Amino acid sequence: MNFNNNQGQERINNDLRKNATRKTMLINEETYRKIDWNKITVENQLAKAGMQANANLPVVKGENSLIPVWDLKKYAFLLSNYIPHTVNPKLWVQGNLNLNTGLFKVTDNIYQVRGFDLANMTFIKGDTGWIVIDCLGSKETAEAAIQFVADYFGELSISAVIITHSHEDHYGGILGVLDKFAMENVKIYAPLNFIHSALEENVNVGIAMTRRGIYMYGVELPRDEKGQIDNGIGKGQSTGTVTFTREIEEIKEEYEKKEIDGVTMEFQLVLDTEAPSEMLIYIPSEHSLCIAELCNATLHNLLTLRGAKIRDPIAWAKGIQKSIDLWGNELTSVFGVHNWPRFGNQYCIEYLEKQRDFYQYLNDQTLRLMNRGYTLEEVGRMIKVPQSLTDEWYNSQFYGTIIHNAKAVYQKYLGWYSGNPVDLNKLLPVDSAKKYVEFMGGPNCILEKASKSFEEGDYQWVAEVTKHVIYADPSNTEAKHLCADALEQLGYIAESGPWRNEYLMGAQELRYGIIPTKGSFISNDVLNNLSLGDVLYLLSIRLDGVKAGDLNYKMNFIISDREEVASTEVKRGIFRYLNDKLAEDADVSVTMPKEILYELATTNKKPISSKISIEGDTNKWNLFLSLQEPLNHNFNIMTP
């Protein structure tokens, strides 16, 4: 691959996106010169190894056949034989590697489907059917992936399902697996605390996580040389129907052996690593280890940019070491649930060790710097990684980065506070911005200086200083466009797919505004699997606590088609689930179908009164509804 200086015509007449500046070109050319193409040759061979059927660039359509829920054809531009200056060349190559899609043979009895969603789906041949590891992110993509395998092998049936961990891109397609292809009495296995972890992470802060996820995955960016390229572990998440089931047998012991459809499988729990609930799987008959997400062809996240609980790098490293201790002498292949496998005992062990050591190194070096007094903003920039860890392509920063992973370690041990009391109760961003702008001579003076800094290639400083102007005066178009220009160049040089997406999403919203999203942030299938108490809790976190502070009364809920009841109370600004019985002293009782309850909990739709039956004090029910704050799926990020 070679650079091409021709940036091409603007994509559309109204396209405000810019070309790479001279400084950006030089940075990316320097990155290109440092690439070890021998390593890429290895990765390319591994990404293509064992291909049985090429899916080319699959497109999966949803219920509305006009709108795909998954479309890799949009990434065909990555197949060109040049690398544009608007993309970090390492990320471009990784994006190209992730276009190797189809059915791949890992061992004689293990196959993978890659390229039908952000994650992989793995098939293990059993005595009576196929055992599936992970179900992709949506029902539609799961069905399409299994059908693709069926088209190759002939009609197939699923005898068991194993879910490696509690992230949505690995369980969301479960009903796509079960509804059409599962054998009778199919069993589903998942790690300890799976149900609780899966539902907790994606429900209570689902709106904030969804909005932030749009930035992290570049959901609304064009797929082209100036837009979204890759996320390091795949292209992005499908937009189909997220499903769930509680019919799961959890693996409860740290090490557990089971025979599943005639195949012996050894499970290792690795809780509180990449996910709160996660496990690895060794198949002795194939000498093959499913490493889940403890190893990928990239550095992973200790704190994902969309938001989640901090992940423990020490537990992560120990989990990998435990796998080496258990199976290192005999394994001959390692496959993950993203990207592509590794083969050969010595190479697999080296791969596991170098990924293990990267997480341990980040933890230990961050602690070293913390104990020298360095702060959250300093530690990540100060960590230098030896070549013995960075010389492998799979330890590149395509997904996670050293800087934000070091911040995660700092936050895990010391929290957000720098220790300097100036930072203890800082001014709100809008208030401080107005004062900064005044101190710096006003917006015109700032923008004049910032424009010169942009010409000098000081993009981070330009973004920081123009942010103050924007927060002081959100109507200042010149400031927004200059900030967007700076973020754009930062995106063009980012090695991390999520970092690129974050920068370019920020630039896009500054130029064009927010593209509104509508509807519920959680599917009915997931809500059906929540307890009634957990569904009602979604109403508690929308309650205006101050206005409800002096209220004190009880309400009963009867959800007819769930055949469930609950007693609740509004007291001291809290809406609290009491128990699963009706309270005799309730002031009001409401009966409704689950459809109405779900709309109340997850949307701003006004409930259809004809579908709600009220007994008792109607005013208290109406008062409760009036105290529910509207959901905002489109809250501002780039402006106050």
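Axes are lines fitted to C-alpha atoms, for helices over the stretch in contact, and the angles run from 0 to 180 degrees between N-to-C directions.

This is a predicted model, in which local features need pLDDT of at least 70 and side-chain atom pairs count only at pLDDT 80 or more, while totals for chains, interfaces and linings use all residues. Residues are numbered from 1 along each chain as its sequence is written, and side-chain values use heavy atoms, with hydrogens and water left out.

**Helix pairs**

Helices (H or I, at least four residues) and strands (E, at least two) are DSSP runs, numbered from the N terminus. Helix α14 (residues 429-439) packs against helix α16 (residues 459-472) at an angle of about 110°, and their axes are 8 Å apart. The two helices α14 and α16 are therefore roughly perpendicular to each other. Where α14 passes α16, the crossing is left-handed; that term applies if the near helix is turned anticlockwise from the far one by less than a right angle, and right-handed if clockwise. On the α14 side the contact is made by Pro429, Val430, Ala433, Lys434, Tyr436 and Val437, and on the α16 side by His468, Val469, Tyr471 and Ala472. Contact means heavy atoms within 4.5 Å. By class, the contact of α14 with α16 has eight nonpolar residues, one polar and one charged. Here Ala, Val, Leu, Ile, Met, Phe, Trp, Tyr, Cys and Pro count as nonpolar, Asp, Glu, Lys and Arg as charged, and the others, Gly among them, as polar.

A second pair is formed by helix α15 (residues 443-455) and helix α17 (residues 477-493), whose axes come within 11 Å and cross at roughly 20°. That angle makes α15 roughly parallel to α17. The crossing of α15 past α17 is left-handed. Leu447, Ala450, Ser451 and Phe454 in α15 meet Glu478, Ala479, Leu482, Asp485, Ala486 and Gln489 in α17. The residues of this contact divide into six nonpolar, two polar and two charged.

**Helix α4**

Helix α4 (residues 139-153) has 15 residues and reaches 21 Å from its first C-alpha to its last, close to the 21 Å expected at 1.5 Å a residue; the expected span is 1.5 Å times one less than the number of residues. Among the buried residues of α4 are Ala142, Ile146 and Val149. Buried means under 20% relative accessible area, exposed over 50%, and partly exposed in between (1.4 Å probe, protein chains only). Just after α4, Gly154 takes a positive phi of about 95°.

| Residue | Relative accessibility |
|---|---|
| Val132 | 0% |
| Val177 | 0% |
| Glu509 | 7% |

Val177 lies in helix α6 (residues 174-181). Leaving aside neighbours within four places in sequence, Val177 is in contact with Met121, Cys135, Ala142, Ile146, Ile158, Val161 and Ala182. Val132 is found in strand β9 (residues 130-133). With the neighbours within four places again left aside, the contacts of Val132 are Met121, Thr122, Phe123, Ile158, Ala160, Val161 and Ile162. The C-alpha atoms of Val132 and Ile163, 31 residues apart along the chain, are separated by 8.4 Å. Val177 and Arg211 are 34 residues apart in sequence and 28 Å apart in space, C-alpha to C-alpha.

Glu509 is placed in helix α18 (residues 497-512). Apart from its neighbours within four places in sequence, Glu509 is in contact with Arg211, Tyr215, Glu220, Ile514 and Met638.

Conventions:
Parallel < 35°, antiparallel > 145°, perpendicular 65-115°, else oblique.
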